[in-house]
Amino acid sequence: MQTGPEIKGWCPGAFAPMPSGDGLLIRAKAVGSRLTEAQAREIACIADSCGNGLIDLSQRAQLQLRGISESTIAQALQRLDAIGMLAPNVDAERVTNVIASPLAGLAPGAFDANAMAAELAIELQRDATLRALPPKFLFLLDDGGPLSLAEVEADIRIEAAAKRGIAIRIAGVPDRAVFVAASGTLDAALRLARAFVELRDHHASSFRRVRTLVEALGADALPRSAGLVMRDCKEARAPARWAHVFGAQRCGAVAFAGVGAPFGRWRADELAAVADLAASEGTGELRLTPWRALLIVTRNEAAARRIVSRADDHDLITSADDQRLAVIACPGAPECPQAVAETRAHVMDLAPLAQKIVGADGVGLHLSGCAKGCARQSASPVTLLASAEGFDLIENGGADCAPRFRSLSFEAVMRELSVRAARRPQ
Ligand code: SF4
């Protein structure tokens, strides 16, 4: 195990902790969506004893421990290693970014996305060329089963394609894909990743993601360089609906309890409680999702309902109707050094109005501490961007879009949201 952390200000890992206003932020490395109750409990313990007891579940379905200190980080890394949630070294950690279908292997799917994620991780870590991939470069594996990952942005997407086998899509090209048989999937995906590195080197460019490469060189440059051909692929999955994520659910032969924490921020005691429920009422297995929720796998729906009832006692999110789901907010100040102001202080006041203006994915309002907009890359009905004088309000856009109003007070924000809520049919 490598020790001696490298301090960086972006894309936190266990070997590259990110300094924040509340200490160091480190990421436990999960490859795929599976998490055991023992892993969840130990992460809660590590957060308590080595950090400030807070754990974020990220949009990439990864757990991040907050408030780690220089004096506790070595112990935290050792304990993550002991539960199989530490990459072998800093290069492996940086390159292994894979998100897989939350119910992979449990519910019907065209392939086992978790098994494929594990194979992909081995290949990514073995290939010296791929060490040059940018740290945010993301592979996505959607097996076509329940709970689609359609709205999750990724550089290379491996998706079930019904009668056409498996479709490999690249970011920025929504209507075409490379079609492959299951046995050729990883080879094709890795060829695309290597071609990205080579094209970037060839153009002496700072392309940070596939989307920027496609914008600069066109849709065909990457597959052509990889020796692959894209064909029309108009089929698009609808995003997962929260009504199918939260609460007691039955999905084919599987049942689960979908339980979330506001903003994906779990307290150690909440995560430990959920781990205990997974052991006592479930199968001992949890699933990570990009929607702030953990899925606790159970043998039947009655057990899932009991878990939901206990999670309600902890004031966790167990229903798609929960107003807290209508608001997305980044940590803001004081936790993030780049934040201009607080973001989460007024959320509970704003949530009822945000719920009245939600878009198709259930989000009505995005609060961002700066124009980077880490908490949400896609557009929201309303985005509030913190400024020194209040909030800039952006309509139907992201944090980097031009605002409709600048420097609104909180009272003015409430008025603007009320106007938009009143316009919506009830
Ligand atoms: S959007 Fe800005 S303020 Fe918010 S977490 Fe990201 S960098 Fe920090």
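**Close-up views of a predicted model**

View 1. Residue numbers start from 1 along each chain as its sequence is written. Since the model is predicted, local features need pLDDT of at least 70 and side-chain atom pairs count only at pLDDT 80 or more, while totals for chains, interfaces and linings use all residues.

**View 2. Helices H10 and H11.** H10 (residues 347-356) packs with H11 (residues 410-423) at about 30°, the axes being 8 Å apart; axes are lines fitted to C-alpha atoms over the stretch in contact, and angles run from 0 to 180 degrees between N-to-C directions. Helices are DSSP runs (H or I, at least four residues), as are strands (E, at least two), numbered from the N terminus. The two helices are therefore roughly parallel (angles under 35 degrees). Leu-350, Leu-353 and Lys-356 of H10 meet Leu-417, Ser-418 and Ala-421 of H11, with contact meaning C-beta atoms, placed from the backbone, within 7 Å.

**View 3. A cis peptide bond.** Ala-333 and Pro-334 are joined by a cis peptide bond with omega near 5°. You will find Pro-334 in the loop between strand E17 (327-329) and H10.

**View 4. A positive phi.** Ala-61 is not a glycine, yet its phi is positive, near 60°. Its place is the loop between strand E4 (54-57) and strand E5 (63-68). Most residues other than glycine have a negative phi.

Key:
Parallel < 35°, antiparallel > 145°, perpendicular 65-115°, else oblique. Contact = placed C-beta atoms within 7 Å.
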